[in-house]
Amino acid sequence: MIQGTSSSVGKSVLAAAFCRIFYQEGYLVSPFKAQNMALNSFVTTTGGEMGRAQVVQAQAAGVEPEVRMNPILLKPSGPTGSQVVIMGKSQGNVTALRYHGEYQRMTWPYVKDALHGLLDDFEVVVIEGAGSPAEVNLKSNDIVNMRVAMEANSPVLLVADIDRGGALAAVVGTLELVEPEERAMIKGIIFNKFRGELALLQPALDFMEERTGIPVLGVVPYFKIRIPDEDSVALNEAMEKPSVASAEQLDVAVVRFPYISNFTDFDALLDETDVSLRYVSEVANLGKPDLLILPGSKNTLADLRFLHESGLSAQIQDLRKQEVPIIGVCGGYQMMGRTVMDPLHTESEFEEMRGLDILPMVTEFEPHKHTVQCKGTIISEHGFFKACVGENVAGYEIHMGRSTLDEGQSPLFILTSNGESYTDGLQAGNAYGTYLHGIFDNDGLRTSLLGWLWQRRDRVRPVEASLSQAALRESAFNELADLVRQSVDIERVRALMGLDSEAMSKDAKGLNDSLEGKNRVI
């Protein structure tokens, strides 16, 4: 189990690294996080909703994501409340005070069942904690940190972010605040995000082992390998940037809603060398981008009100008149219609609000949440779709609103999920909207979009071809695994887990040899 001295110390990425390492060694591996608070979610093949971090870890482990890997998902929908998703199904909104009590205790049986199911079905389970195990005010109802370690009888590696400063005190303080039987579960310490000469740190490492009696199993250097970030902590660290003209990069602006969700939809654009992607929440910084994106939202009407009150709504209308391309995804798509209605208050206290009136449609929220994986075909021939019409697309949908298009409108896609076919999306001028999350992960569609944006500049795209997202992801996982192998005493970790390194298959050993010093795509 990977636990941390605080949030954002790198638990999720290190868990992904260990998932890939054990996968490369030939083990059947699953990730697990009992409770995840995140606005980035994913839909499994069975229609269940789960946190993106465990999806990334499942991909690193080479297995299909399933809701047992993240049985409890909290999706913040307001300052003091969250939508609660249990085993992939939404249970409605709950206040933080109510959740951290009887409701949280009620979810523990789901956590136990999911955990033991994975322990039965997989050879290795890499467990991730949340925040810190030393939060004494929340400890009585803990279902994600030490209680999970005790239930699984799992050795714990405690991770600290040494780039922040105060990492030694954070480790010692954490060890002092956990119970003696919990402290006994902590078998190793890892310092993450280290910059500098390791020799200068060595005296501190020696002190730490002498002071705590727990070995330091590794110091992982600061790295910038493209592994999707878990949540908006990473978004908070991204500085808001004004529009800056560049001859070699397209300017893509994403509106940063207060309740932005699934911003991992845009990771594929970040990977393109000819794209400069930035987040904007202020009128002064929007400028005139090559492309404006309205992302998903966990509270569509509250974020729509933000657009109106901030002045961004009027500025978006001005950009539309200047024929700047606009793409809305999920909640952003809903906002682009004439009206958004929530008569049952499924997301907020608002019942109805005028939209941006860019797309000819209206949206009404319903109690049932639509969560599906889907595949389909591009049928639109307008704008950038002309270069990729007929190509396949894949993605997933997570929404409670149903959008009704005006008569005679042409959709963007024909999609299929659960054996049923239906249309999705809408276009008006240079404005496009869709419910399809992961739309930019489709290599052909993304390539067509970027080529079209360069043509609008009267330029040929300076990049020969878009990068394959699948190949990039695999390369990044392998690079991450190599880095952690070099930085952490994996043999001692295996010994803590009771794994016999001699039992690795010849194929797995051969794979390790071939990966030595390389970034291979499996």
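A strand, as I use the word here, is a DSSP run marked E of at least two residues, and strands are numbered from the N terminus. I note at the outset that the model is predicted.

**Entry 1: Serine 261**

I looked up S261 and found it in strand β14, which covers residues 260–261. Next I listed its contacts, leaving aside neighbours within four places in sequence. S261 is in contact with L39 and N40, and also with G296, S297 and K298.

**Entry 2: The largest cavity**

Rolling a probe the size of a water molecule over the atoms shows where empty space is left. I recorded 4 cavities of 30 Å³ or more. The largest cavity has a volume of about 150 Å³. Its lining consists of 17 residues, and S297, K298, E347, I398 and H399 lie nearest its centre. Which element gives the most to this lining? It is β22, with 3 residues. I noted that α13 (331–335), β21 (361–378) and β22 (392–405) each supply at least two residues of the lining. Sorted by class, the lining has 9 polar, 4 nonpolar and 4 charged residues.

In soluble globular proteins, nonpolar side chains tend to be buried together. I returned to F32 and listed what it touches, not counting residues up to four places away in sequence. The list includes R68, M69, P71, V111, L118, I127, E128 and V148.

**Entry 3: Helix α16**

My last item was helix α16 (residues 490–497), where I490, V493 and R494 are buried. Why do the buried residues of α16 line one face of the helix? Seen down the axis, they fall within an arc of 100°, so they line one face. An α-helix has 3.6 residues a turn, so residues three or four places apart point the same way. I also recorded what covers the buried residues of α16: the cover includes α1, β10 (156–161), β12 (216–221) and α15 (469–487). Just after α16, G498 takes a positive phi of about 80°.

Terms used: Residues numbered from 1 in each chain as written. Predicted model: local features only at pLDDT ≥ 70, side-chain atom pairs only at ≥ 80, totals over all residues. Heavy atoms only, no water. Contact = heavy atoms within 4.5 Å. Helix = DSSP H or I, 4+ residues; strand = E, 2+ residues; numbered from the N terminus. 1 Å grid on protein atoms, 1.4 Å probe; cavity = no way out; pocket = protein on both sides within 12 Å on 5 of 7 lines; lining within 4 Å. Points joined across faces, edges and corners; volume = space filled by probe spheres on them. Nonpolar A, V, L, I, M, F, W, Y, C, P; charged D, E, K, R; others polar. Buried < 20%, exposed > 50% of the residue type's maximum accessible area, 1.4 Å probe, protein only. Arc of directions from axis to C-beta.
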